[in-house]
Amino acid sequence: MSQQQISLPAKLINGGIAGIVGVTCVFPIDLAKTRLQNQRPGQQIYKNMMDCLVKTVRSEGYFGMYRGAAVNLTLVTPEKAIKLAANDLFRQHLAKDGKGLTVFKEMLAGCGAGMCQVIVTTPMEMLKIQLQDAGRLAAQQQKPIIMSPTKLVATNAVLSRSYNSGNVVSAPRTVSATQIAKDLLRTQGIQGLYRGLGATLMRDVPFSIVYFPLFANLNQLGKPSRDESSPFYWAFLSGCAAGSTAAVAVNPCDVVKTRLQSLNKGASEETYSGVVDCISQIMRKEGPSAFLKGAGCRALVIAPLFGIAQVMYFVGVGEYILNNILQTVFLLFKFYY
């Protein structure tokens with residue numbers, strides 16, 4: 001692939017299709033990850049991933065597992081397109097005379113791809129997390145919990161109307177991603193949608209630095225010869241292995257990002273002033289193991305997501321679509337003229 005001329009439109013199509021297919025397959029596990037990461041000691045609603053999914057289906061129905069999927073499916077196309085295409089372009093730019101890239105240059109290309117994708121990733125994650133975590137808050141608030149007035153005042157203003165003005169917390173009302181986005185833009189401006197940008201960079205840049213070089217080297221092992229591509233199943237397995245490894249490696253950053261981007265808080269759940277404050281409070285109150293919350297779920301999400309992405313990417317679905325479009329346009333032009 002590195003020796004071929006990159007067709008950017010084709011790469012964007014490949015990344016978009018891969019993202020839609022992958023997200024549709026693994027979104028319920030991603031929802032479980034978000035809810036598990038937001039749980040505090042003594043307030044556990046869910047024991048593990050399966051318990052979370054079962055309780056979600058019982059209380060919210062089957063489609064409850066897909067809360068926030070719409071915003072993810074809408075924005076995952078540009079996100080994956082930017083990530084995969086940027087990495088490809090950086091790799092091509094860093095390559096010289098057709099020679100293979102060094103590991104350092106592969107990491108540099110991955111770093112550039114991670115920095116580019118946060119333009120879309122941060123607002124997408126911001127909106128998705130609010131919708132995914134709503135069911136956990138509703139389940140927690142079914143039990144009467146007394147809160148002090150000062151704690152109620154500390155609740156984030158954007159979604160504070162989800163609570164009663166009294167001392168007993170009620171279940172949050174259902175809101176859409178569009179409504180949350182409008183509230184954030186009206187009250188905080190564009191920076192409201194980019195809350196947690198620093199934590200997102202902390203997660204996505206190291207992820208890309210680990211993922212892309214690891215995938216490239218694993219995929220290289222499956223090539224029959226230097227000039228031949230690896231089989232599609234090897235690309236899938238390489239994507240799964242590299243994705244799950246990178247996901248677990250950066251899971252502490254993902255926990256911090258999830259906590260910072262959760263606007264609506266449950267009873268006795270603390271707020272954080274920034275990345276450093278979030279890390280110190282989690283370490284002090286929950287211990288180091290809290291940074292591994294949802295690691296298994298995240299590995300199960302990322303592994304097939306990037307496995308599917310790499311298969312789509314290297315099979316060349318985008319190239320096929322573009323070629324057919326060009327042929328159709330040519331035939332129509334020939335027919336009419």
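**Aromatic pairs in a predicted model**

Trainee: In which helix do tyrosine 211 and phenylalanine 215 both lie?

Mentor: This is a predicted model, in which local features need pLDDT of at least 70 and side-chain atom pairs count only at pLDDT 80 or more, while totals for chains, interfaces and linings use all residues. Residues are numbered from 1 along each chain as its sequence is written, and side-chain values use heavy atoms, with hydrogens and water left out. Helices are DSSP runs (H or I, at least four residues) numbered from the N terminus. Tyrosine 211 and phenylalanine 215 are four residues apart, about one turn, in residues 197-221, which form helix H8.

Trainee: What is the geometry of the pair formed by tyrosine 62 and phenylalanine 63?

Mentor: Rings of Phe, Tyr and Trp (its six-membered ring) pair if their centres lie within 6.5 Å, with planes under 30 degrees apart counted as stacked, over 60 as edge-to-face and the rest as tilted. The whole structure holds nine aromatic pairs. For tyrosine 62 and phenylalanine 63, the centres are 5.4 Å apart and the planes stand at 80 degrees, so the pair is edge-to-face.

Trainee: How are the rings of tyrosine 211 and phenylalanine 215 arranged?

Mentor: Their centres are 6.0 Å apart, with 15 degrees between the planes. This aromatic pair is therefore stacked.

Trainee: Is phenylalanine 215 buried or exposed?

Mentor: Buried means under 20% relative accessible area, exposed over 50% and partly exposed in between (1.4 Å probe, protein chains only). Tyrosine 211 has 0% and is buried. Phenylalanine 215 has a relative accessible area of 5%, so phenylalanine 215 is buried.

Methods
Helix = DSSP H or I, 4+ residues; strand = E, 2+ residues; numbered from the N terminus.
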